[in-house]
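Let's walk through this model by way of its side chains, starting with charges and ending with rings. Keep the viewer open and follow along.

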Amino acid sequence: MSHYYTCIFKITFIFPLLFMLGGCLGTKEIQSEVYITALGIDYSNDVYHLYFQAFGFTNVAGSDPGISSEPAPIVVGHGEGETIQGAIDDIEKNSVNPLYYGHIQTFFISKNILDGHLDEFFDFFSRDYYLRYNTLAYGFEDDDIKEIMNVHGLFYKPPILTFPYDPNEQLFFNSFISTSTVQDMIKRYYEPVGSIMVPSIQISEDYWMEDNTSKDILKISGAYFLSHQKFNGWIKEEELSGLDWFNKDFKNMKLSIKDKSVSMFIDTIDYHIEIVDNSIPKYILNLEIKASIRENPKNIGKETIENDIKNIILSQFQSTFNKGLEINSDVFNFSEKAYRFKPQSWTVDELNTITENSIKKFNINVFIKDEGAKK
């Protein structure tokens, strides 16, 4: 009798497990799907163009996605349609494997989308639950998006280990421009003040060689600016150096005084912006810099170096500020600070009135905490 009940217990226990295992029968094998890691989007001739960058399964979930003995294969798909969803449907109908969008880390957005079609892009983005708001966003114009998506990393690294996907290491010694996410764009797009900055990316072959030939890399070329849901224009990277000194993502930065052969690290940046009550808001900028000298072969005095740094900062700030005025952009988002802290003091039009007279005073304090080894 006990043997009979034992058999009944085993059957009763095992039978539900068969249903649990059966529930996995319809699950896709992980290697049977195409993993999309970046989307490029453009608009031309009244048609949306979507570009899908993908890797094979071993590049996404392999044990060592770093240095390889041969280039990692890159797959770029292209779909088009009268709507963004139509472009997605187009590529999905012509895909040999199911597409999976949960690994998308980067958007490449053309100037044509930034200039007049961001509403459609944000609408598409909000309806796709696979897409994450912390996805990085870059603009592009001159370079072919297919060429951008086919740039490998150094040492045959796959693109997913290059700058547009993981900029933190690349920006460790370069604070020139903050990275931008789709969330950053959306939260500023409908604001009545301030500007959206979208870093632009381009292909460069000027810095590296691989196997004795020029190596393409991707680099920041500048930034697009938008405000009040309108496209304002583009400023090249070297003209945006003034943003360095008001960068919330600052980590570390190198600075050179070329005519004196002085090289240094900027260790810390601390700034405070005061708002002055007036018919239109004006601003007092307070900036404190701490630096360490790395090289000073001519033994230039500390006070001289500190004054030179002040002049460099002031010159870079003025250049960037004026370039912003040329394209009608508050590139430093000073108006946003006034809007947040004293919204009752001015109308929206007054808040957005940024002129060459908006900066009442710029106080710069430089402290060199380490003079380095003298020659």
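A salt bridge here is a side-chain nitrogen of Lys or Arg within 4 Å of a carboxyl oxygen of Asp or Glu. Before using that, some ground rules: this is a predicted model, where local features need pLDDT of at least 70 and side-chain atom pairs count only at pLDDT 80 or more, while totals for chains, interfaces and linings use all residues. Residues are numbered from 1 along each chain as its sequence is written, and side-chain values use heavy atoms, with hydrogens and water left out.

With that cut-off, the structure holds twelve salt bridges. Take Asp184 and Lys187, whose closest N and O atoms are 3.9 Å apart. Both sit in helix H8 (residues 182-189), three residues apart, about one turn of the helix. Helices (H or I, at least four residues) and strands (E, at least two) are DSSP runs, numbered from the N terminus. How open are these two partners? We call a residue buried under 20% relative accessible area, exposed over 50%, and partly exposed in between (1.4 Å probe, protein chains only). Asp184 comes out at 24%, so Asp184 is partly exposed, and Lys187 has 52%, so Lys187 counts as exposed.

Stay on H8 for the next pair. Arg188 forms a salt bridge with Glu336, with 2.8 Å between the closest N and O atoms. This one links distant parts of the chain: Arg188 is in helix H8, Glu336 is in helix H10 (residues 334-341), and they are 148 residues apart. Arg188 is partly exposed at 25% relative accessibility, whereas Glu336 is buried, with a relative accessible area of 15%.

Asp267 is partly exposed, at 23% relative accessible area. Back with Arg188, salt bridges that share partners join Arg188, Glu191, Glu336 and Arg340 into one network.

On to the rings. Rings of Phe, Tyr and Trp (its six-membered ring) pair if their centres lie within 6.5 Å; planes under 30 degrees apart count as stacked, over 60 as edge-to-face and the rest as tilted. A search of the whole structure turns up 26 aromatic pairs. One of them is Phe107 with Phe121, which is edge-to-face at 5.2 Å centre to centre and 85° between the planes. The pair links distant parts of the chain, with Phe107 in strand E5 (residues 106-110) and Phe121 in helix H5 (residues 118-127), 14 residues apart. Both Phe107 and Phe121 are buried. For contrast in geometry, the rings of Tyr224 and Phe231 have centres 5.8 Å apart and planes at 45°, so that pair is tilted. Tyr224 is buried, at 3% relative accessibility.

Phe107 and Phe121 also belong to one aromatic cluster, together with Phe122, Phe124, Phe125, Tyr133, Tyr189 and Tyr190.

Finally, look at Thr135 in the loop between H5 and strand E6 (136-140). Thr135 is buried at 2% relative accessible area. Contact means heavy atoms within 4.5 Å. Not counting residues up to four places away in sequence, Thr135 touches Ile104, Gln105, Thr106, Phe107, Ser180, Thr181 and Val182.
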